Amino acid sequence: MRQLIAGNWKMHGMGGEAAALAGAIRAGAAGLACDLLVCPPFTQLVPVAGMLAGSTVAVGGQDCHAEAKGAHTGDISAAMLADAGARFVILGHSERRANHGETDAGVRAKAVAAIAAGLTPIVCVGETEAERTAGWETGVVGGQLSGSLPEGFSGVVAYEPVWAIGTGKTATEDDVAAMHGFIRQALVRQLGEAGSLVRILYGGSVRPANASVLLAVPEVGGALVGGASLVAEDFLAIARAARPG
Ligand code: PGA
């Protein structure tokens with residue numbers, strides 16, 4: 001399976017910056033041996049999707065509401081994301097779990113809505129530093145998987161240890177291999193044969209300098225990249241490090 005290199009722009013990108021970044025990524029994307037995705041903030045979805053139309057780079061949202069429409073001030077539905085040109089949506093990112101009180105059950109409902117709207121959900125899981133120090137990482141991640149993935153889930157899972165996000169620290173190759181192997185087993189137990197087809201991304205301080213090592217780890221199906229996805233040359237360098245599928 002081709003690896004997926006996904007950029008999570010988080011709350012970055014005024015119109016000019018977003019257009020410049022999308023244009024540079026489009027220009028460098030042709031011929032890469034991986035799938036590419038960028039997830040700009042909501043306000044830049046329509047222009048970025050327009051700029052990337054007809055290219056090999058897909059566009060995604062960073063969150064959606066579980067309902068299709070209604071009185072939900074400030075929220076965006078999965079169908080609205082699809083209408084804006086998105087094909088993917090990141091769900092349950094640790095920043096949303098921490099800052100917006102998102103629960104596994106809430107993420108699960110959003111995943112159902114995303115799939116119903118024709119989007120591919122990218123469901124994020126990962127332990128905090130304290131949980132890893134206590135030796136609870138597989139228990140935490142296992143619980144997030146069973147709570148956040150609906151029956152019949154089809155999509156992507158991103159393993160993002162919270163302590164590695166934006167910190168410059170990454171999990172070791174051995175830790176990534178152990179966790180991705182654990183996630184694969186959990187997915188197959190939970191989803192049957194379909195669980196073997198789910199791409200499992202690694203996220204947390206992925207940079208050009210560590211990408212080829214992380215992307216070579218068994219069961220790593222790509223990367224979810226935050227900070228380095230805001231610099232086109234870095235994002236493309238990570239994409240060039242992907243293992244041909
Ligand atoms: P980072 O963010 O690459 O800046 O660590 C990753 C993420 O939060 O998805």
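This is a predicted model: local features need pLDDT of at least 70, side-chain atom pairs count only at pLDDT 80 or more; totals for chains, interfaces and linings use all residues.
Figure 1. Sorted by class, the residues lining the largest cavity are two nonpolar, five polar and two charged.

**Figure 2. The largest pocket and its lining.** The largest pocket holds about 370 Å³ of space. Of the 14 residues that line the largest pocket, Lys10, Met11, Gln62, Arg96 and His100 lie nearest its centre. Helix H4 (residues 94–99) gives the largest share of this lining, with three residues. The lining of the largest pocket as a whole is made up of five nonpolar, five polar and four charged residues.

**Figure 3. Strand S1 and its pairing with strand S2.** Strand S1 (residues 4–8) is largely enclosed by the rest of the structure, because five of its five residues are buried. Leu4, Ala6 and Asn8 point one way from S1, whereas Ile5 and Gly7 point the other way, and the residues of both sets are buried. S1 and S2 run parallel and are joined by five bridges; in one of the pairings, Asn8 has Cys39 of S2 as its bridge partner.

**Figure 4. Helix H2 and its buried side.** Within helix H2 (residues 45–52), the buried residues are Leu45, Val48, Ala49 and Leu52. These four lie on the same side of H2, because the arc they cover around the axis is only 100°. Such an arrangement follows from the geometry of an α-helix, in which there are 3.6 residues a turn, so residues three or four places apart point the same way. Packed against the buried residues of H2 are helix H1 (15–29), strand S2 (35–39), strand S3 (57–61) and helix H3 (78–83). On the face of H2 turned away from this buried side are Val46 and Gly50, both exposed. After H2 comes Gly54, which has a positive phi, near 80°.

**Figure 5. Helix H10 and the elements that cover it.** In helix H10 (residues 232–240), Ala232, Phe235, Leu236, Ile238 and Ala239 are buried. Because they cover an arc of only 155° around the axis, these residues fall on the same side of H10. The elements covering the buried residues of H10 include strand S1, helix H1, strand S2, helix H9 and strand S8.

**Figure 6. Ser205 and Gly227, in two separate loops.** Ser205 is placed in the loop between strand S7 (199–203) and helix H9 (208–215), while Gly227 is placed in the loop between S8 and H10. The phi of Ser205 is near 55°, a positive value in a residue other than glycine. How far apart in space are Gly227 and Ser205, C-alpha to C-alpha? The C-alpha atoms of Gly227 and Ser205 are 7.4 Å apart, although 22 residues separate the two in sequence. The relative accessible area of Ser205 is 6%, so Ser205 counts as buried, the limit being under 20%. Gly227, by contrast, has a relative accessible area of 52% and is therefore exposed, for which the value must be over 50%.

Figure 7. Glu219 belongs to the loop between H9 and strand S8 (222–225), and has a positive phi, near 70°, in a residue other than glycine. Is Glu219 buried, exposed or partly exposed? With a relative accessible area of 32%, Glu219 is partly exposed, since this class lies between the limits of under 20% for buried and over 50% for exposed. Leaving aside residues up to four places away in sequence, Glu219 touches His180, Gly181, Arg184 and Ile200. Gly142 is 77 residues from Glu219 in sequence, and the two lie 16 Å apart in space, C-alpha to C-alpha.

Key. Residues are numbered from 1 along each chain as its sequence is written. Side-chain values use heavy atoms; hydrogens and water are left out. On a 1 Å grid over the protein atoms alone, a cavity is a set of points where a 1.4 Å probe fits but cannot get out, and a pocket is an open set with protein on both sides within 12 Å along at least five of seven lines; lining residues have an atom within 4 Å of a point. Grid points are joined across faces, edges and corners, and a volume is the space filled by probe spheres set on the points. Ala, Val, Leu, Ile, Met, Phe, Trp, Tyr, Cys and Pro count as nonpolar, Asp, Glu, Lys and Arg as charged, and the others, Gly among them, as polar. Buried means under 20% relative accessible area, exposed over 50%, partly exposed in between (1.4 Å probe, protein chains only). The arc is that of the directions from the helix axis to the C-beta atoms. Contact means heavy atoms within 4.5 Å. Two strands pair if DSSP finds at least two bridges between them.
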